[in-house]
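Subject: Structure for you to look at

Hello,

Here is the structure I said I would pass on. Please open it first, then read the notes below it.

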Amino acid sequence: MGSNVSSVHDVPSSTETKNGLVVEMESRRQWRSLFDSMKGSNKLLVIDFTAAWCGPCKAMEPKVKEIVSRYPEAVFARVDVDRFMDVAGTYRANTLPAFVFVKRGEEIDRVVGAKPDELVYKIETHRV
Amino acid sequence: MAVSGFEGFEKRLELRFFNDNTTTTSTTNKSPMGLRLIDFESLDQVLTQVQCTVVSAVANHSFDAYVLSESSLFVYPTKIIIKTCGTTQLLKSIRPFIHLARTLNLTLRACRYSRGSFIFPKSQPFPHTSFEDEVVIVEDSLPKSLRHRKAFVMTPSNNPSRAWHVFTASADVEPDEPLVVVEVCMTELDPVNALSFFRRKGDENNDSAGKEMTRLSGIDAINENAFVCDFAFDPCGYSMNGVDGDRYSTIHVTPEDGFSYASFECGLSLHDDGRGDIAEVLSRAIDVFRPSCVSIATTYGGEDYDREVTKRVERVLAKKLGLKCRSRLMDEFPGSGTVVFQSFTPRRR
């Protein structure tokens, strides 16, 4: 699952992230690049685990978009658990949606479920 | 007992559909998605007609679980369970759900509507003013292909005001549901236990308050395997959906003295190695609330009725919680199998 084939249009290793938007992970290379690039900084990375079969994830999507736009200093990466089964496995993302908070490569917190208020509260707590 | 207050007793609707693999298979998930393909906007529209909204939700490989402003909604590939309390118009969801399923080429196979007796029956809007009226409305919403129908009120002789109302309609007489469904209704909750379900100063939001209530009340210990999606209402009240593989559970609490109520429902198998036997699970759930009045309705579905299970539940509740079984009724319903309705009160008041 996930692509190991490099393409002409590969994103350079200093991964371009779109501030205030959720970045959909398209390849393992992109994910690794993003994850590694954030290890060195104190920036908050929020991994948004979703799946095609997850109704609650779709219910939450518009709220996530709105919340993310308010915190451009944090990086939000959307990971499809079926396309990236190993990443989902590493973070035990079985019950979705799951928002995993990572700083310097370590998980520091998570929100499981479509809980916008809880998500905002934890972003506020961890963004510094 | 208060003159009027929030109605905790829920109305429950279950719709089951025939398995049709041809158009509903998702390429990413191993099993067909079926009803889970219904887009959220459409679900939300149905809920608006019922007069409730989604306050929290989770999903896993097997099903989607939504906590509503007035109870819960579960969406499996071929089954919908919706349970609402207060004065909601649950039956208005039947036609829209059937229609949405039809757009996915899913045909209705069976319907079950059940409820206890309302604490404030006069506060209910039509058709919930009487079971007869409810049955007329449900029947009217169902296709003729559901030929086998039965409506019955299971009334305990010792307490006729706490009856169990069941209507089933099914394409086949034989039940198709592999899980046993247990619905527990509790009233006159211990006031100290009920206090856990009031919001406190300083708790951050409804989600974190809900999480605290789950922990403090011991609800997280009922099934330690389950992920609990909880929510605390303002100024009081609590709801949770439990998710454990393909098994669901749900708890709803109205803690106010005078009309306090709590419900516990779960789908389980009687042969659940290592998952905790039914009597233990029920005992743990009821112990959270220490109610003075409990009723348990068990729908066996495709499982054969086992008298030993019923007796074991009675023994365990008597031994661990001092609850004496005051009535036990049993009946058969097409498509749903055996339904057993027991009521309990403490051994010494």
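The second largest pocket holds about 280 Å³ of space. It has 17 lining residues, and those closest to the pocket centre are B:Lys211, B:Thr214, B:Phe227, B:Val228 and B:Asp230. Two or more lining residues come from each of these elements: S5 and helix H4 (116-126) in chain A, and helix H5 (206-217) and strand S10 (227-232) in chain B. H5(B) supplies the largest share of the lining, with 4 residues. Please keep in mind that this is a predicted model.

Next, one residue of strand S5 in chain A. A:Arg110 sits in this strand, which runs over residues 106-112. Is A:Arg110 buried or exposed? Its relative accessibility is 16%, and buried means under 20%, so A:Arg110 counts as buried. A polar atom of the A:Arg110 side chain lies 2.7 Å from the backbone oxygen of A:Tyr91. The side chains of A:Arg110 and A:Glu107 are joined by a polar contact of 2.9 Å. Setting aside neighbours within four places in sequence, the residues in contact with A:Arg110 are A:Tyr91, A:Arg92, A:Phe99, A:Val100, A:Phe101 and A:Lys122.

In chain B, look at B:Ser71. An unreviewed UniProt entry annotates this position as "modified residue: Pyruvic acid (Ser)". B:Ser71 is in strand S4 of chain B, residues 71-75, and is buried, with a relative accessible area of 2%. Which residues does B:Ser71 touch, not counting those up to four places away in sequence? They are B:Glu10, B:Tyr66, B:Lys83, B:Thr84, B:Cys85 and B:His252.

The last item is helix H6 of chain B, residues 278-289. With 12 residues at 1.5 Å a residue, this helix should span 16 Å, and the 18 Å between its end C-alpha atoms agrees with that. Because 9 of the 12 residues of H6(B) are buried, the helix is largely enclosed by the rest of the structure. The buried residues are B:Ile278, B:Ala279, B:Val281, B:Leu282, B:Ser283, B:Ala285, B:Ile286, B:Val288 and B:Phe289. When you read that list, remember that an α-helix has 3.6 residues a turn, so residues three or four places apart point the same way. After H6(B) comes B:Arg290, which has a positive phi, near 40°.

Regards

Technical notes:
Residues numbered from 1 in each chain as written. Chains lettered and ligands numbered in written order. Predicted model: local features only at pLDDT ≥ 70, side-chain atom pairs only at ≥ 80, totals over all residues. Heavy atoms only, no water. Buried < 20%, exposed > 50% of the residue type's maximum accessible area, 1.4 Å probe, protein only. Polar contact = N/O pair within 3.5 Å; in protein donor to acceptor, adjacent residues only side chain to side chain. Contact = heavy atoms within 4.5 Å. Expected span 1.5 Å × (residues − 1). UniProt positions renumbered as here; feature names shortened; annotations may be inferred. 1 Å grid on protein atoms, 1.4 Å probe; cavity = no way out; pocket = protein on both sides within 12 Å on 5 of 7 lines; lining within 4 Å. Points joined across faces, edges and corners; volume = space filled by probe spheres on them.
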